[in-house]
Amino acid sequence: MSKNQFLLTRRRTLLLGLGTFLATIACSDQNRQTLADNDLTVSQDDLLKRSFSVNGKGSLKKRAAAKGLIYGGESAYEGVSADEDFANAIRRECNMLMNAGLKWHYGSKPLRPTPDTFDFTAGDWTADFAQKHNLLFRGHTLVWHQGLPPWFEETVKQENAREILVNHVQTVAKHFAGRIHSWDLLNEAIELGDGRSDNLRKTPWLEFIGPEYVELAFRTAAEADPKAMLVYNDYGLEYDTPDQEQKRTAVLKFLEDQKSKGTPIHALGIQSHLDHLEKTEKKFSAKKFREFLKNVADLGLKIMLTELDVNDTKLQGDINLRDRYVAAAYEDYLSVVLDEPAVIAVITFGLSDRYTWLTEFPRQDGQPVRPLPLDAQMKRKLAWQAMARAIDAAPKRG
Ligand code: XIL
């Protein structure tokens, strides 16, 4: 086997996508950029030697607060209301609770059980929990093409779509007004594969209302709750692949257009589902990502990481090694992102491996996935240490 072949095989088998990702960004900024642009990989040996030591035992919320940052964990009603250990972990580690069960249809008490009714039981419980424990509260999501109720398709038509959208956004935003920090108002509205020149995804809202549904939704929410931060939230923005590069450009263009129309949009939510799923060659360019963040910030927008997790579904090796890949991805990504002063919040999609949407993508070896800062017993993992390190190293917000 030639040296090149050997390196290639080694790279394919050992390093997966995360390897290239974390290799992009070791230590200093200069290293980061050089590594990123050369797409080097890191060896398992280096990873096994890497230190994730942390100063002190302080919670992520304390560390974040010391930097003027928010650290949030996501839980819908079903998690935090039923599991005291988990609820305590959220209170201990987070200064924000995000409820991603505020989709139209989610969980045991969906928000829109029928076309004419709203059920706020689950949302109110979580908002009260947040208030009682001094956590900021955020909601996800008012306008999306998924998470829609079974009655949606037969009920929503061209002639009533506008009224139904406005009524939903108005009623829900008003209901939580004064209790909510931010809304993922519009989720995943850009899709390059849909072939439109404006890159809007073909959703029922687009089909029935037209591209102006975006502005309509933001304006309605801003009127119903003038204090909430209104966020455009999307995925597939993080890596240095041609499709993600195009998506960054499309999202930037979309944000520019909306800003120039005066749409009340206040922040970009970058979901940050870090993974190495299908593409083992996923790369990360610190340089390109910094530029993207800066371009977003230059539009006068804040930035939040809204659904951070690191998918270890396809990672080989024992738990120690997998946890190291995951931790390295957390630290390396956050250390780039947190340098951008417009980034105000980091929210992990869950907090403990006990509750993660990634169980929807089970590992072939049947082992549980470990994508979050705490393990399933609520114990801090290397990923927690990695987050603590990145937050501790972040510049303080002004
Ligand atoms: C997930 C839910 O948690 C799952 O239960 C559901 O089956 C799929 O959606 N991007 C988002 C989140 O914006 O709302 C998603 O949540 C994760 C992907």
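**Note on the ligand site and some backbone features**

1. By class, the shell around the ligand holds 4 nonpolar, 4 polar and 4 charged residues. Keep in mind that this is a predicted model.

2. Here is who makes up that shell. K103, Y106, H140, W144, N187 and E188 are among the residues that surround the ligand. Q271, H273, E307, F349, W357 and E360 also belong to the surrounding group. As for location, the ligand sits in the largest pocket.

3. Now the polar atom pairs. N187 places a polar side-chain atom 2.9 Å from an oxygen atom of the ligand. In the side chain of E360, an N or O atom is 3.0 Å from a ligand oxygen atom. On its own, the ligand has 410 Å² of accessible area, and the protein covers 78% of it.

4. Most residues other than glycine have a negative phi. Is E188 buried or exposed? E188 counts as buried, because its relative accessibility is 8% and the cut-off for buried is under 20%.

5. S272 also has a positive phi, about 65°, and is not a glycine. Where is S272 found? S272 is in the loop between β6 (267–270) and β7 (273–274). With 0% relative accessibility, S272 counts as buried.

6. Check the peptide bond from H140 to T141. This bond is cis, with omega near 5°. Most peptide bonds are trans. T141 has its place in strand β3 (residues 136–143). H140 is one of the residues around the ligand.

7. Next, N233. N233 lies in strand β5 (residues 229–234). Its relative accessibility is 0%, so N233 counts as buried. Which side chain does the N233 side chain contact? The partner is the side chain of T306, in a polar contact of 2.6 Å.

8. Last, R397. R397 lies in the segment after α15 (382–393). R397 counts as buried, because its relative accessibility is 14%. In sequence, R397 and E340 are 57 residues apart. In space, their C-alpha atoms are 9.6 Å apart.

Conventions
Residues are numbered from 1 along each chain as its sequence is written. This is a predicted model: local features need pLDDT of at least 70, side-chain atom pairs count only at pLDDT 80 or more; totals for chains, interfaces and linings use all residues. Side-chain values use heavy atoms; hydrogens and water are left out. A residue is near a molecule or strand if one of its heavy atoms lies within 4 Å of it. A polar contact is a pair of N or O atoms within 3.5 Å; within protein, one must be able to donate a hydrogen and the other to accept it, and residues adjacent in sequence count only if both atoms are side-chain atoms. Accessible areas come from the Shrake-Rupley method with a 1.4 Å probe; for residues, only the protein chains shown count as cover. On a 1 Å grid over the protein atoms alone, a cavity is a set of points where a 1.4 Å probe fits but cannot get out, and a pocket is an open set with protein on both sides within 12 Å along at least five of seven lines; lining residues have an atom within 4 Å of a point. A molecule sits in a cavity or pocket if more than half of its atoms lie within 2 Å of its grid points. Ala, Val, Leu, Ile, Met, Phe, Trp, Tyr, Cys and Pro count as nonpolar, Asp, Glu, Lys and Arg as charged, and the others, Gly among them, as polar. Helices (H or I, at least four residues) and strands (E, at least two) are DSSP runs, numbered from the N terminus. Buried means under 20% relative accessible area, exposed over 50%, partly exposed in between (1.4 Å probe, protein chains only).
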